[in-house]
Amino acid sequence: MISKRLKEETTPHHNKAEEGNFNTEIRQGTLSVEQYALFLQRNYWLNRLVEEHYGTLSDEQKAELKEFDIQARIKSHLILEDLKKLDTTLSGNNMPYPDLAFEELVGAIYVTEGSSLGGHMIHKALQKNSELADKDAFSFLGFYGDKTGLYWKKFIEALEGYYAAHTEDEDKIIEGAKKAFDYFIDVTKATKLN
Ligand code: HEM
């Protein structure tokens, strides 16, 4: 199963992504507005990587990804709404997007969709953080809400279905996931708070 291999091979990447992203503060309820805004911005760039790339595909390529229902999963605009509620705007970053081949995009989508699992848990934790709860800037983290598990299940079905028809793409899918994680980790490093 490609999903099993993706999880196994990107666990070290996940750990790094978590490390630089206020894991302790999130769990302890001490995440500040400034830290949360930065966390959202990093997620914005990751999601834009996937969404912009998807936008460049031909109709034929989009049809190949039909089962992933990408249009229903587009969420970067929600981060912009959340940033407004936090009285902040998006800053740029210096990291160029990695080149992604079409097959690699599938692996990158695994990263953005998988991040909604942690995101769901983070949403619950942040709702208990009174400073942040007052701002109600959770449209991105709360997007799938109670349906988070369902969205993930459907994503995995689409992924395994795609893989079954394109087993020759296996290494590229894994590579795409690593590139997306590495991009997020690089953006994290490039946007540290003083
Ligand atoms: C502090 C930050 C984060 C925490 C606490 C966190 C936590 C988690 C947790 C608990 C899961 C497993 C959920 C489950 O199995 O039901 C998960 C899955 C996942 N997360 Fe994160 N996460 C964080 C950040 C991220 C980021 C930034 C990314 C992407 C760049 C990411 C990508 C993923 C992926 C791809 C999975 C799916 C793994 C799989 O089952 O194949 N996570 N995360």
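Reader: At what angle do helix α3 and α9 pack, and how far apart are their axes?
Author: In this predicted model, α3, which covers residues 33-55, packs against α9 at an angle of about 150°, and their axes are 9 Å apart. Because angles over 145 degrees count as roughly antiparallel, α3 is roughly antiparallel to α9.

Reader: Is that crossing right-handed or left-handed?
Author: The crossing of α3 past α9 is right-handed.

Reader: Which residues meet there?
Author: From α3, Arg42, Trp45, Leu46 and Leu49 take part; in α9 they meet Ala180, Tyr183, Phe184, Val187 and Thr188. By class, this contact of α3 with α9 holds 7 nonpolar, 1 polar and 1 charged residues.

Reader: And α5, how do the axes of α3 and α5 run?
Author: Helix α5 spans residues 76-85, and its axis comes within 8 Å of that of α3, crossing at roughly 155°. That angle makes α3 roughly antiparallel to α5. The crossing of these two helices is left-handed.

Reader: What does α5 bring to the contact with α3?
Author: Ser76, Ile79, Asp82 and Leu83 of α5 meet residues of α3 including Leu40, Tyr44 and Arg48. The contact of α3 with α5 divides into 5 nonpolar, 3 polar and 3 charged residues.

Reader: Turning to the ligand, how many residues surround it?
Author: The ligand is surrounded by 19 residues, the closest being Lys7, Gly114, Ser115, Leu117 and Gly118. The shell comprises 11 nonpolar, 6 polar and 2 charged residues.

Reader: Which helix gives the most to that shell?
Author: That is α6, with 8 residues. Helices α1, α2, α6 and α9 each supply at least two residues of the shell.

Methods:
Residues are numbered from 1 along each chain as its sequence is written. This is a predicted model: local features need pLDDT of at least 70, side-chain atom pairs count only at pLDDT 80 or more; totals for chains, interfaces and linings use all residues. A residue is near a molecule or strand if its C-beta atom, placed from the backbone, lies within 6 Å of it. Helices (H or I, at least four residues) and strands (E, at least two) are DSSP runs, numbered from the N terminus. Ala, Val, Leu, Ile, Met, Phe, Trp, Tyr, Cys and Pro count as nonpolar, Asp, Glu, Lys and Arg as charged, and the others, Gly among them, as polar. Axes are lines fitted to C-alpha atoms, for helices over the stretch in contact, and angles run from 0 to 180 degrees between N-to-C directions. Angles under 35 degrees count as roughly parallel, over 145 as roughly antiparallel, 65 to 115 as roughly perpendicular and the rest as oblique. A crossing is left-handed if the near helix is turned anticlockwise from the far one by less than a right angle, and right-handed if clockwise. Two residues are in contact if their C-beta atoms, placed from the backbone, lie within 7 Å.
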